[in-house]
Amino acid sequence: MNADAQLERSNARLGFWLLTIGSVAALGYATRFTTQSGNSSQDRNVLYHWSTAIGGVFQFAIFLVIVLAISGRSPDRLGLRPPASWGRALGLAVAVFLVCWIGLGLLDRVFHGGQEQALTPDRWQPKYAAAFAANFVVIAVLAPVVEELLFRGIGFHLLRRFGDTTAIVATGLAFGLYHGLVNALPILALFGIALGWFRARTRSVYPGMLVHAAFNSVALIVSVTING
């Protein structure tokens, strides 16, 4: 395949990726802005429902299919390669996690993004432990894997030709918009930018998956502990 054909195919992949993210973001914001009662209408105990976990599995399964279609199942395009040094990557992962946890936690006091997402149960209810565990797996395992492949995998790869900085910032902003939130947008975008920077440093999507999974896991555990 000649250079022009490769560029044309790369542009098509990028267009498909932008269309996917744009559609999800538009749907999320349209739903949010057309909901009359806003967050007050949301069930803050959604993580106690099996339907939430089942819906999450279907949602991320669809995203995974889209990611594989855009990437052509190419491990290189998805960043599915081990970092040069796992020891260095894990050490950097701890630093990224701590900076994000502290920094984004402080920002959340200003923007109240956690309240907007409304995923924190009002109180711990042991009788719903099984459903909560299922939702925990979706949020702390499935979501980080699929979202990292979507943003720091194929998204980063497609935007990297414009420079690492562009890829880092653009995928971070896209990550924030994709969630369809308003108050939490700066927090999610900065988290995405931090993960993008980590992806650029390690040249692998795996370490970012670990940080993302750890962040979601600890956030859920802390939220339940506080409200328990």
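Which residues does Leu 177 touch, not counting residues up to four places away in sequence? I found Ala 25, Tyr 29 and Leu 185, where contact means heavy atoms within 4.5 Å.

A note on what I am reading: this is a predicted model, where local features need pLDDT of at least 70, side-chain atom pairs count only at pLDDT 80 or more, and totals for chains, interfaces and linings use all residues. Residues are numbered from 1 along each chain as its sequence is written, and side-chain values use heavy atoms, with hydrogens and water left out.

**Entry: Leu 177.** I placed Leu 177 in helix α7 (helices are DSSP runs of H or I, at least four residues, numbered from the N terminus). Leu 177 has 38% relative accessibility, so I call it partly exposed (buried is under 20% relative accessible area, exposed over 50%, partly exposed in between, with a 1.4 Å probe and protein chains only). I also looked along the chain: Ala 189 is 12 residues apart from Leu 177, and their C-alpha atoms are separated by 7.6 Å.

**Entry: two helices.** I then checked α1 (residues 3-33) against α7 (residues 164-178): their axes come within 8 Å and cross at roughly 35°. These axes are lines fitted to C-alpha atoms over the stretch in contact, with angles from 0 to 180 degrees between N-to-C directions. On the α1 side I noted Trp 17, Ile 21, Val 24, Ala 25 and Tyr 29, and on the α7 side Thr 171, Ala 174, Gly 176, Leu 177 and Tyr 178.
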